[in-house]
Amino acid sequence: MKSRHRRFAWIIAGLVAIGVAVALVLNAFNSNLVFFYSPSQVLANEAPVGRPFRIGGMVEQGSLQREKDSLTVRFVVTDTAKAMTVVYTGLLPDLFKEGKGVVAQGTLGKDGVFRASEVLAKHDENYMPPEAAAAIEQAHKGGRMQSSGK
Amino acid sequence: MANSWYRYASPASFHPVALRLAPVFALAAAILAIAGLYVGFVVAPTDATQGEAYRIIYVHVPTAWMAMFVYLVMAFWSALALGFNTRLSAMMAQALAPTGAIMAALALWTGAFWGRPTWGTYWAWDARMTSTLILLFLYFGVMALRGAIDDPRRADRACAILTLVGAVNVPIIYFSVRWWNTLHQGASVSLTAAPTMAKTMLAGMLLMTFAAWAWCIAAALWRVCAIVVERERGASWLAPDPALKGVT
(Lines give C-alpha, C1' and ligand atoms only; values in the text may rest on other atoms or scores of the structure.)
Protein backbone atom coordinates (compact mmCIF):
# COMPACT_ATOMS: atom_id res chain seq x y z
CA MET A 1 0.00 0.00 0.00
CA LYS A 2 1.35 3.37 -0.96
CA SER A 3 1.44 5.96 1.78
CA ARG A 4 -1.02 8.04 -0.23
CA HIS A 5 -3.51 5.17 -0.26
CA ARG A 6 -3.02 4.68 3.44
CA ARG A 7 -3.77 8.36 4.07
CA PHE A 8 -7.01 8.16 2.07
CA ALA A 9 -7.98 5.01 3.96
CA TRP A 10 -7.45 6.91 7.23
CA ILE A 11 -9.52 9.85 5.97
CA ILE A 12 -12.40 7.58 4.97
CA ALA A 13 -12.21 5.59 8.20
CA GLY A 14 -12.18 8.84 10.16
CA LEU A 15 -15.23 10.18 8.33
CA VAL A 16 -17.13 6.93 8.89
CA ALA A 17 -16.24 6.95 12.59
CA ILE A 18 -17.38 10.56 12.98
CA GLY A 19 -20.56 9.83 11.06
CA VAL A 20 -21.43 6.88 13.29
CA ALA A 21 -20.63 8.86 16.44
CA VAL A 22 -22.83 11.77 15.35
CA ALA A 23 -25.65 9.42 14.34
CA LEU A 24 -25.58 7.84 17.82
CA VAL A 25 -25.52 11.24 19.54
CA LEU A 26 -28.41 12.55 17.44
CA ASN A 27 -30.35 9.38 18.17
CA ALA A 28 -29.74 9.75 21.90
CA PHE A 29 -30.83 13.39 21.91
CA ASN A 30 -33.76 12.79 19.61
CA SER A 31 -36.33 14.11 22.07
CA ASN A 32 -34.40 17.37 22.47
CA LEU A 33 -34.15 17.91 18.73
CA VAL A 34 -37.86 17.99 17.95
CA PHE A 35 -39.12 21.54 17.83
CA PHE A 36 -42.67 20.58 18.74
CA TYR A 37 -44.86 17.64 19.74
CA SER A 38 -48.07 16.65 18.02
CA PRO A 39 -51.28 16.37 20.09
CA SER A 40 -51.06 12.57 19.71
CA GLN A 41 -47.56 12.56 21.21
CA VAL A 42 -48.66 14.81 24.08
CA LEU A 43 -51.65 12.60 24.88
CA ALA A 44 -49.35 9.55 24.78
CA ASN A 45 -47.23 11.27 27.49
CA GLU A 46 -44.24 11.73 25.21
CA ALA A 47 -43.99 15.45 25.93
CA PRO A 48 -41.76 16.65 28.79
CA VAL A 49 -43.48 17.03 32.14
CA GLY A 50 -42.93 20.04 34.37
CA ARG A 51 -41.40 22.35 31.80
CA PRO A 52 -42.79 24.34 28.90
CA PHE A 53 -42.84 22.67 25.49
CA ARG A 54 -44.30 23.32 22.07
CA ILE A 55 -47.18 21.62 20.36
CA GLY A 56 -47.73 21.75 16.63
CA GLY A 57 -50.39 20.79 14.15
CA MET A 58 -53.26 22.27 12.17
CA VAL A 59 -55.74 24.80 13.51
CA GLU A 60 -59.02 22.95 13.26
CA GLN A 61 -61.58 24.47 10.90
CA GLY A 62 -64.17 26.52 12.75
CA SER A 63 -62.48 26.16 16.14
CA LEU A 64 -61.15 29.71 16.55
CA GLN A 65 -62.97 31.74 19.22
CA ARG A 66 -62.05 35.27 20.27
CA GLU A 67 -63.04 36.57 23.71
CA LYS A 68 -64.83 39.87 23.73
CA ASP A 69 -62.78 42.98 24.62
CA SER A 70 -59.52 41.10 25.02
CA LEU A 71 -56.75 39.57 22.96
CA THR A 72 -57.44 36.09 24.30
CA VAL A 73 -58.16 33.43 21.70
CA ARG A 74 -59.06 29.76 21.90
CA PHE A 75 -58.49 27.28 19.15
CA VAL A 76 -58.06 23.56 18.65
CA VAL A 77 -54.79 22.13 17.35
CA THR A 78 -55.17 18.82 15.60
CA ASP A 79 -52.91 16.30 13.87
CA THR A 80 -56.05 14.71 12.34
CA ALA A 81 -55.86 11.84 14.88
CA LYS A 82 -55.97 13.70 18.21
CA ALA A 83 -56.82 17.31 19.08
CA MET A 84 -56.02 19.73 21.89
CA THR A 85 -57.47 23.08 22.92
CA VAL A 86 -55.06 26.00 23.14
CA VAL A 87 -55.63 29.31 24.95
CA TYR A 88 -53.46 32.27 24.07
CA THR A 89 -53.46 35.97 24.91
CA GLY A 90 -51.63 38.17 22.44
CA LEU A 91 -51.25 39.02 18.80
CA LEU A 92 -51.43 36.15 16.33
CA PRO A 93 -49.02 36.05 13.37
CA ASP A 94 -50.39 37.18 10.00
CA LEU A 95 -50.34 33.68 8.55
CA PHE A 96 -52.33 32.21 11.43
CA LYS A 97 -55.44 30.69 9.84
CA GLU A 98 -57.88 27.87 10.39
CA GLY A 99 -56.77 24.81 8.46
CA LYS A 100 -53.12 25.98 8.46
CA GLY A 101 -50.10 24.88 10.46
CA VAL A 102 -49.32 26.34 13.88
CA VAL A 103 -46.72 25.87 16.61
CA ALA A 104 -47.54 27.03 20.16
CA GLN A 105 -45.20 27.18 23.15
CA GLY A 106 -46.56 26.92 26.66
CA THR A 107 -47.62 24.53 29.38
CA LEU A 108 -50.30 21.90 29.62
CA GLY A 109 -52.81 22.51 32.40
CA LYS A 110 -54.40 19.79 34.53
CA ASP A 111 -57.66 20.39 32.67
CA GLY A 112 -56.03 19.30 29.41
CA VAL A 113 -56.00 22.85 28.01
CA PHE A 114 -52.67 24.08 26.62
CA ARG A 115 -51.84 27.62 27.80
CA ALA A 116 -49.61 29.16 25.16
CA SER A 117 -47.17 32.00 25.76
CA GLU A 118 -46.14 32.21 22.12
CA VAL A 119 -47.89 31.22 18.90
CA LEU A 120 -46.02 30.83 15.59
CA ALA A 121 -47.50 30.12 12.18
CA LYS A 122 -45.98 27.25 10.24
CA HIS A 123 -46.42 27.51 6.51
CA ASP A 124 -45.95 24.65 4.06
CA GLU A 125 -43.60 24.20 1.12
CA ASN A 126 -46.22 24.99 -1.53
CA TYR A 127 -45.94 28.24 -3.45
CA MET A 128 -48.64 29.20 -5.92
CA PRO A 129 -50.37 32.30 -7.26
CA PRO A 130 -53.72 33.21 -5.62
CA GLU A 131 -55.66 32.18 -8.76
CA ALA A 132 -54.26 28.64 -8.59
CA ALA A 133 -55.04 28.43 -4.87
CA ALA A 134 -58.61 29.56 -5.56
CA ALA A 135 -58.98 26.91 -8.26
CA ILE A 136 -57.78 24.17 -5.90
CA GLU A 137 -60.11 25.46 -3.18
CA GLN A 138 -63.01 25.28 -5.64
CA ALA A 139 -62.13 21.74 -6.66
CA HIS A 140 -61.92 20.58 -3.01
CA LYS A 141 -65.13 22.23 -1.90
CA GLY A 142 -67.40 19.28 -2.56
CA GLY A 143 -65.23 16.91 -0.52
CA ARG A 144 -64.77 19.28 2.39
CA MET A 145 -68.51 19.90 2.86
CA GLN A 146 -69.08 16.19 3.22
CA SER A 147 -66.33 15.79 5.82
CA SER A 148 -67.47 18.78 7.89
CA GLY A 149 -71.01 17.40 7.94
CA LYS A 150 -70.23 14.53 10.29
CA MET B 1 -4.74 12.62 -20.63
CA ALA B 2 -4.44 12.35 -16.87
CA ASN B 3 -1.07 14.03 -16.97
CA SER B 4 -2.47 17.11 -18.67
CA TRP B 5 -4.93 17.50 -15.76
CA TYR B 6 -2.28 16.98 -13.10
CA ARG B 7 -0.47 19.92 -14.65
CA TYR B 8 -3.12 22.24 -13.15
CA ALA B 9 -2.41 20.93 -9.66
CA SER B 10 0.63 23.18 -9.78
CA PRO B 11 -0.09 26.72 -8.59
CA ALA B 12 2.18 28.09 -11.32
CA SER B 13 0.09 26.68 -14.18
CA PHE B 14 -3.27 27.07 -12.43
CA HIS B 15 -2.86 30.74 -11.55
CA PRO B 16 -3.12 32.20 -15.10
CA VAL B 17 -6.07 29.91 -15.94
CA ALA B 18 -7.97 30.93 -12.80
CA LEU B 19 -7.22 34.59 -13.44
CA ARG B 20 -8.71 34.29 -16.92
CA LEU B 21 -11.79 32.26 -15.85
CA ALA B 22 -12.83 34.41 -12.88
CA PRO B 23 -14.17 37.40 -14.90
CA VAL B 24 -16.12 35.02 -17.16
CA PHE B 25 -17.96 33.58 -14.15
CA ALA B 26 -18.43 37.05 -12.65
CA LEU B 27 -20.08 38.26 -15.86
CA ALA B 28 -22.28 35.15 -15.98
CA ALA B 29 -23.28 35.81 -12.35
CA ALA B 30 -24.26 39.40 -13.13
CA ILE B 31 -26.36 38.46 -16.17
CA LEU B 32 -28.07 35.55 -14.37
CA ALA B 33 -28.76 37.69 -11.30
CA ILE B 34 -30.36 40.46 -13.35
CA ALA B 35 -32.51 37.91 -15.20
CA GLY B 36 -33.37 36.08 -11.97
CA LEU B 37 -34.30 39.24 -10.07
CA TYR B 38 -36.44 40.41 -13.00
CA VAL B 39 -38.32 37.11 -13.16
CA GLY B 40 -38.57 36.91 -9.37
CA PHE B 41 -39.73 40.43 -8.61
CA VAL B 42 -41.57 41.48 -11.80
CA VAL B 43 -42.78 38.41 -13.69
CA ALA B 44 -43.55 35.91 -10.92
CA PRO B 45 -46.99 36.17 -9.23
CA THR B 46 -47.58 36.76 -5.52
CA ASP B 47 -48.02 33.74 -3.29
CA ALA B 48 -51.52 32.75 -2.20
CA THR B 49 -50.73 32.40 1.53
CA GLN B 50 -47.60 34.48 2.11
CA GLY B 51 -48.24 37.40 -0.24
CA GLU B 52 -45.18 39.37 -1.28
CA ALA B 53 -43.07 38.19 1.65
CA TYR B 54 -42.35 34.92 -0.14
CA ARG B 55 -40.09 36.78 -2.62
CA ILE B 56 -37.25 36.55 -0.10
CA ILE B 57 -37.05 32.98 -1.44
CA TYR B 58 -35.12 34.31 -4.46
CA VAL B 59 -32.17 35.22 -2.24
CA HIS B 60 -32.72 32.89 0.70
CA VAL B 61 -32.87 29.52 -1.05
CA PRO B 62 -29.92 30.02 -3.48
CA THR B 63 -27.66 31.29 -0.68
CA ALA B 64 -28.71 28.46 1.65
CA TRP B 65 -28.01 25.87 -1.04
CA MET B 66 -24.64 27.43 -1.82
CA ALA B 67 -23.71 27.59 1.87
CA MET B 68 -24.11 23.80 2.03
CA PHE B 69 -22.63 23.07 -1.39
CA VAL B 70 -19.55 25.28 -0.92
CA TYR B 71 -18.86 23.42 2.32
CA LEU B 72 -18.97 20.07 0.51
CA VAL B 73 -16.58 21.38 -2.15
CA MET B 74 -14.32 22.69 0.60
CA ALA B 75 -14.40 19.25 2.26
CA PHE B 76 -13.54 17.64 -1.10
CA TRP B 77 -10.46 19.85 -1.54
CA SER B 78 -9.51 19.27 2.09
CA ALA B 79 -9.62 15.50 1.58
CA LEU B 80 -7.38 15.85 -1.51
CA ALA B 81 -5.03 18.15 0.40
CA LEU B 82 -4.70 15.63 3.23
CA GLY B 83 -4.40 12.59 0.95
CA PHE B 84 -2.18 13.87 -1.86
CA ASN B 85 -0.47 16.55 0.23
CA THR B 86 -0.99 19.05 -2.61
CA ARG B 87 -0.62 22.74 -1.95
CA LEU B 88 -3.21 23.94 -4.45
CA SER B 89 -6.01 21.77 -2.98
CA ALA B 90 -5.46 23.36 0.40
CA MET B 91 -5.40 26.80 -1.19
CA MET B 92 -8.73 26.07 -2.90
CA ALA B 93 -10.22 25.04 0.45
CA GLN B 94 -8.81 28.21 2.01
CA ALA B 95 -10.27 30.34 -0.79
CA LEU B 96 -13.77 28.83 -0.43
CA ALA B 97 -14.21 29.43 3.31
CA PRO B 98 -15.05 33.18 3.22
CA THR B 99 -17.40 32.68 0.24
CA GLY B 100 -19.25 29.92 2.08
CA ALA B 101 -19.41 32.03 5.24
CA ILE B 102 -20.99 34.91 3.28
CA MET B 103 -23.56 32.51 1.80
CA ALA B 104 -24.43 31.03 5.21
CA ALA B 105 -24.70 34.49 6.77
CA LEU B 106 -26.96 35.70 3.94
CA ALA B 107 -29.16 32.61 4.25
CA LEU B 108 -29.59 33.14 8.00
CA TRP B 109 -30.14 36.88 7.65
CA THR B 110 -32.74 36.65 4.87
CA GLY B 111 -34.32 33.72 6.72
CA ALA B 112 -34.81 35.92 9.79
CA PHE B 113 -36.47 38.60 7.68
CA TRP B 114 -38.69 35.96 6.14
CA GLY B 115 -39.56 34.35 9.45
CA ARG B 116 -40.80 37.54 11.07
CA PRO B 117 -43.75 38.24 8.71
CA THR B 118 -44.65 34.57 8.10
CA TRP B 119 -43.96 32.59 11.28
CA GLY B 120 -44.09 35.53 13.65
CA THR B 121 -40.49 35.30 14.88
CA TYR B 122 -37.02 36.21 13.62
CA TRP B 123 -35.40 33.17 15.11
CA ALA B 124 -36.35 29.82 16.60
CA TRP B 125 -34.04 27.09 17.84
CA ASP B 126 -35.35 24.48 15.46
CA ALA B 127 -33.08 21.85 13.91
CA ARG B 128 -32.79 23.45 10.45
CA MET B 129 -31.89 26.90 11.75
CA THR B 130 -29.58 25.73 14.51
CA SER B 131 -27.61 23.44 12.19
CA THR B 132 -27.25 26.27 9.64
CA LEU B 133 -25.91 28.51 12.40
CA ILE B 134 -23.40 25.76 13.24
CA LEU B 135 -22.40 25.75 9.55
CA LEU B 136 -21.64 29.48 9.75
CA PHE B 137 -19.58 28.90 12.90
CA LEU B 138 -17.71 26.07 11.16
CA TYR B 139 -16.72 28.47 8.37
CA PHE B 140 -15.60 31.01 10.99
CA GLY B 141 -13.75 28.25 12.87
CA VAL B 142 -11.82 27.13 9.78
CA MET B 143 -10.85 30.72 8.99
CA ALA B 144 -9.83 31.43 12.59
CA LEU B 145 -7.80 28.22 12.82
CA ARG B 146 -5.86 29.20 9.72
CA GLY B 147 -5.21 32.61 11.18
CA ALA B 148 -3.97 31.07 14.42
CA ILE B 149 -1.25 28.89 12.84
CA ASP B 150 1.78 30.63 11.35
CA ASP B 151 3.18 27.76 9.28
CA PRO B 152 0.89 27.54 6.21
CA ARG B 153 1.51 23.81 5.63
CA ARG B 154 0.57 22.97 9.23
CA ALA B 155 -2.44 25.29 8.93
CA ASP B 156 -3.47 23.41 5.75
CA ARG B 157 -3.55 20.09 7.60
CA ALA B 158 -5.33 21.41 10.69
CA CYS B 159 -7.97 23.21 8.61
CA ALA B 160 -8.48 20.16 6.39
CA ILE B 161 -9.17 17.94 9.41
CA LEU B 162 -11.56 20.47 10.95
CA THR B 163 -13.35 20.88 7.60
CA LEU B 164 -13.77 17.13 7.17
CA VAL B 165 -15.07 16.68 10.72
CA GLY B 166 -17.58 19.49 10.15
CA ALA B 167 -18.77 17.97 6.87
CA VAL B 168 -21.07 15.70 8.89
CA ASN B 169 -23.21 18.79 9.58
CA VAL B 170 -24.23 19.23 5.93
CA PRO B 171 -26.49 16.15 5.67
CA ILE B 172 -27.93 17.08 9.06
CA ILE B 173 -28.96 20.49 7.69
CA TYR B 174 -30.40 18.98 4.55
CA PHE B 175 -32.41 16.21 6.20
CA SER B 176 -33.31 18.07 9.44
CA VAL B 177 -36.76 18.99 8.14
CA ARG B 178 -37.46 15.33 7.44
CA TRP B 179 -35.91 13.71 10.51
CA TRP B 180 -37.46 16.00 13.13
CA ASN B 181 -40.47 18.23 13.65
CA THR B 182 -39.22 21.66 12.71
CA LEU B 183 -40.75 25.10 12.31
CA HIS B 184 -39.00 25.32 8.95
CA GLN B 185 -41.09 23.84 6.17
CA GLY B 186 -39.94 20.89 4.08
CA ALA B 187 -38.14 21.12 0.74
CA SER B 188 -40.07 22.57 -2.19
CA VAL B 189 -37.46 21.42 -4.67
CA SER B 190 -35.71 18.07 -4.35
CA LEU B 191 -34.15 15.47 -6.58
CA THR B 192 -36.76 12.85 -5.74
CA ALA B 193 -40.08 14.68 -6.15
CA ALA B 194 -41.71 17.22 -8.44
CA PRO B 195 -41.27 20.80 -7.21
CA THR B 196 -44.22 22.20 -5.26
CA MET B 197 -43.89 25.68 -6.74
CA ALA B 198 -45.53 27.53 -9.62
CA LYS B 199 -43.37 27.38 -12.76
CA THR B 200 -42.41 31.07 -13.00
CA MET B 201 -41.48 31.14 -9.30
CA LEU B 202 -39.29 28.09 -9.81
CA ALA B 203 -37.67 29.62 -12.93
CA GLY B 204 -36.72 32.77 -11.02
CA MET B 205 -35.32 30.75 -8.15
CA LEU B 206 -33.23 28.53 -10.43
CA LEU B 207 -31.84 31.57 -12.28
CA MET B 208 -30.82 33.07 -8.95
CA THR B 209 -29.30 29.72 -7.95
CA PHE B 210 -27.12 29.65 -11.07
CA ALA B 211 -26.18 33.28 -10.41
CA ALA B 212 -25.11 32.41 -6.86
CA TRP B 213 -23.20 29.44 -8.22
CA ALA B 214 -21.33 31.55 -10.78
CA TRP B 215 -20.59 34.25 -8.22
CA CYS B 216 -19.16 31.70 -5.78
CA ILE B 217 -16.89 30.27 -8.47
CA ALA B 218 -15.70 33.74 -9.53
CA ALA B 219 -15.07 34.86 -5.96
CA ALA B 220 -13.24 31.66 -5.06
CA LEU B 221 -11.05 31.80 -8.19
CA TRP B 222 -10.06 35.42 -7.56
CA ARG B 223 -9.33 34.65 -3.94
CA VAL B 224 -7.28 31.58 -4.79
CA CYS B 225 -5.21 33.71 -7.20
CA ALA B 226 -4.46 36.14 -4.37
CA ILE B 227 -3.60 33.23 -2.06
CA VAL B 228 -1.28 31.69 -4.67
CA VAL B 229 0.54 34.99 -5.16
CA GLU B 230 0.81 35.50 -1.40
CA ARG B 231 2.03 32.01 -0.55
CA GLU B 232 4.33 31.48 -3.55
CA ARG B 233 5.84 34.96 -3.42
CA GLY B 234 9.37 33.59 -3.23
CA ALA B 235 8.89 31.22 -6.18
CA SER B 236 10.85 31.78 -9.39
CA TRP B 237 7.79 31.66 -11.68
CA LEU B 238 6.18 34.57 -9.88
CA ALA B 239 9.03 36.97 -9.22
CA PRO B 240 10.44 37.84 -12.65
CA ASP B 241 7.12 38.18 -14.46
CA PRO B 242 6.69 41.93 -15.08
CA ALA B 243 3.08 41.51 -16.24
CA LEU B 244 2.03 39.99 -12.91
CA LYS B 245 3.63 42.79 -10.93
CA GLY B 246 1.02 45.11 -12.34
CA VAL B 247 -1.75 42.76 -11.21
CA THR B 248 -0.56 42.32 -7.68
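Helices (H or I, at least four residues) and strands (E, at least two) are DSSP runs, numbered from the N terminus. The model is predicted: local features need pLDDT of at least 70, side-chain atom pairs count only at pLDDT 80 or more, and totals for chains, interfaces and linings use all residues. Residues are numbered from 1 along each chain as its sequence is written, and chains are lettered from A and ligands numbered from 1 in the order in which they are written.

**Exercise 1.** Find where B:Asn85 lies and say whether B:Asn85 is buried or partly exposed.

Step 1: look in the loop between helix 3 and helix 4 of chain B, and there's B:Asn85.
Step 2: check the backbone; phi of B:Asn85 is near 60°, a positive value in a non-glycine residue.
Step 3: count neighbours. A residue is buried with 20 or more other C-beta atoms (placed from the backbone) within 10 Å of its own, exposed with 12 or fewer, partly exposed in between. B:Asn85 has 15, so B:Asn85 is partly exposed.

**Exercise 2.** Work out what chain B brings to its contact with chain A.

Step 1: tally residues in contact (C-beta atoms, placed from the backbone, within 7 Å). Chain B gives 34 and chain A gives 31.
Step 2: pick out the helices. Helix 3 (57–84), helix 4 (87–118) and helix 6 (152–166) of chain B each supply at least two residues of that side. Helix 3 of chain B gives the most, with four.

Key:
Two residues are in contact if their C-beta atoms, placed from the backbone, lie within 7 Å.
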